[in-house]
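This report is a guided reading for someone meeting the protein chain for the first time. Please look over the sequence and the structure below before going on to the sections that follow.

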Amino acid sequence: MRVIGCLTMLMLLSACSNKAAEAEKRLAIVKRVGTLGEVCEASRDVARAYLDQGDEASFEMADVASHIYCQSADLRGWNTYVSKKAGN
């Protein structure tokens with residue numbers, strides 16, 4: 001019974017890490033071929049994926065990076081993301 005429980009936990013943990021890894025892969029592609037607004041959105045997806053899996057350290061780093069990407073997009077007029085903090 002313990003073996004099944006351990007295997008189940010490993011499967012759940014690998015599924016969580018896959019979500020963040022997939023978001024990181026998407027971000028890498030979008031950085032190469034996307035607009036600044038798309039990079040902003042993809043970077044927020046990375047931060048959200050780390051938050052969802054409970055990886056606080058990775059979330060904090062990804063969140064700071066997403067703020068930088070989104071600020072850059074805002075300054076250049078490319079940000080298509082509407083901030084919920086702004087009340088929009």
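This is a predicted model: local features need pLDDT of at least 70, side-chain atom pairs count only at pLDDT 80 or more; totals for chains, interfaces and linings use all residues.

## Overall layout

The protein chain has three helices and zero strands, and from the N terminus on its elements follow the order α-α-α. Helix H1 covers residues 2–33, helix H2 covers residues 36–53, and helix H3 covers residues 56–75.

Of the 88 residues in the protein chain, 22% are buried. The chain exposes about 6400 Å², and carbon and sulfur atoms supply 61% of that area. When contacts between residues at least 6 apart in sequence are considered, 49% of them join residues at least 24 apart.

## Helix H2

Helix H2 has 18 residues, which at 1.5 Å a residue should span 26 Å, and the distance of 26 Å between its end C-alpha atoms agrees with that expectation. After H2 comes Gly-54, a residue whose phi is positive, near 80°.

The buried residues of H2 are Gly-37, Val-39, Cys-40, Ala-42, Ser-43, Arg-44, Val-46, Ala-47, Ala-49 and Tyr-50. Ser-43, the residue with which this reading began, counts as buried because its relative accessibility is 2%, under the 20% limit used for that term. Leaving aside residues up to four places away in sequence, Ser-43 touches Leu-27, Ala-62, Ser-66 and Tyr-69.

## The nonpolar core

Which residues make up the largest nonpolar core? This core has 11 residues, namely Ala-20, Ala-23, Leu-27, Val-30, Val-39, Ala-42, Val-46, Ala-47, Ala-49, Tyr-50 and Ala-62. The elements that give two or more residues to this core are helices H1 and H2, and the largest share, six residues, comes from H2.

Ala-23, one of the core residues, touches Asp-45, Val-46 and Ala-49 when residues up to four places away in sequence are not counted. Val-46 and Ala-49 are likewise listed among the members of the core, and both of them are also among the buried residues of H2.

## The disulfide

A search of the whole structure finds one disulfide. Cys-40 and Cys-70 form this link, with their sulfur atoms 1.9 Å apart, and the link is right-handed, with 90° about the S-S bond. The pair connects distant parts of the chain, since Cys-40 lies in helix H2 and Cys-70 in helix H3, 30 residues apart.

Are the two cysteines, Cys-40 and Cys-70, buried or exposed? Cys-40 is buried, with a relative accessible area of 0%, and Cys-70 also counts as buried, because its relative accessibility is 3%.

## Salt bridges

Side chains of opposite charge can pair when their charged atoms come close. In this model the count comes to three salt bridges. In one of them, Asp-52 pairs with Lys-19, and the closest N and O atoms are 2.6 Å apart. Asp-52 lies in helix H2 and Lys-19 in helix H1, so this pair ties together parts that are 33 residues apart in sequence. Lys-19 is partly exposed, with a relative accessible area of 41%.

A salt bridge also joins the side chains of Arg-26 and Asp-45, at 3.1 Å from N to O. This pair, too, links distant parts of the chain, with Arg-26 in helix H1 and Asp-45 in helix H2, 19 residues apart. Arg-48 forms a salt bridge with Asp-45 as well, and there the closest N and O atoms are 2.7 Å apart. Arg-48 and Asp-45 are three residues apart in helix H2, so about one helical turn separates them. An α-helix has 3.6 residues a turn, so residues three or four places apart point the same way.

Through shared partners, salt bridges join Arg-26, Asp-45 and Arg-48 into one network.

Technical notes
Residues are numbered from 1 along each chain as its sequence is written. Side-chain values use heavy atoms; hydrogens and water are left out. Helices (H or I, at least four residues) and strands (E, at least two) are DSSP runs, numbered from the N terminus. Buried means under 20% relative accessible area, exposed over 50%, partly exposed in between (1.4 Å probe, protein chains only). Contact means heavy atoms within 4.5 Å. Accessible areas come from the Shrake-Rupley method with a 1.4 Å probe; for residues, only the protein chains shown count as cover. The expected span of a helix is 1.5 Å times one less than its number of residues. A nonpolar core is a set of buried Ala, Val, Leu, Ile, Met, Phe, Trp, Tyr and Cys residues joined through side-chain atoms within 4.5 Å. A disulfide is a pair of cysteine sulfur atoms within 2.5 Å. A salt bridge is a side-chain nitrogen of Lys or Arg within 4 Å of a carboxyl oxygen of Asp or Glu.
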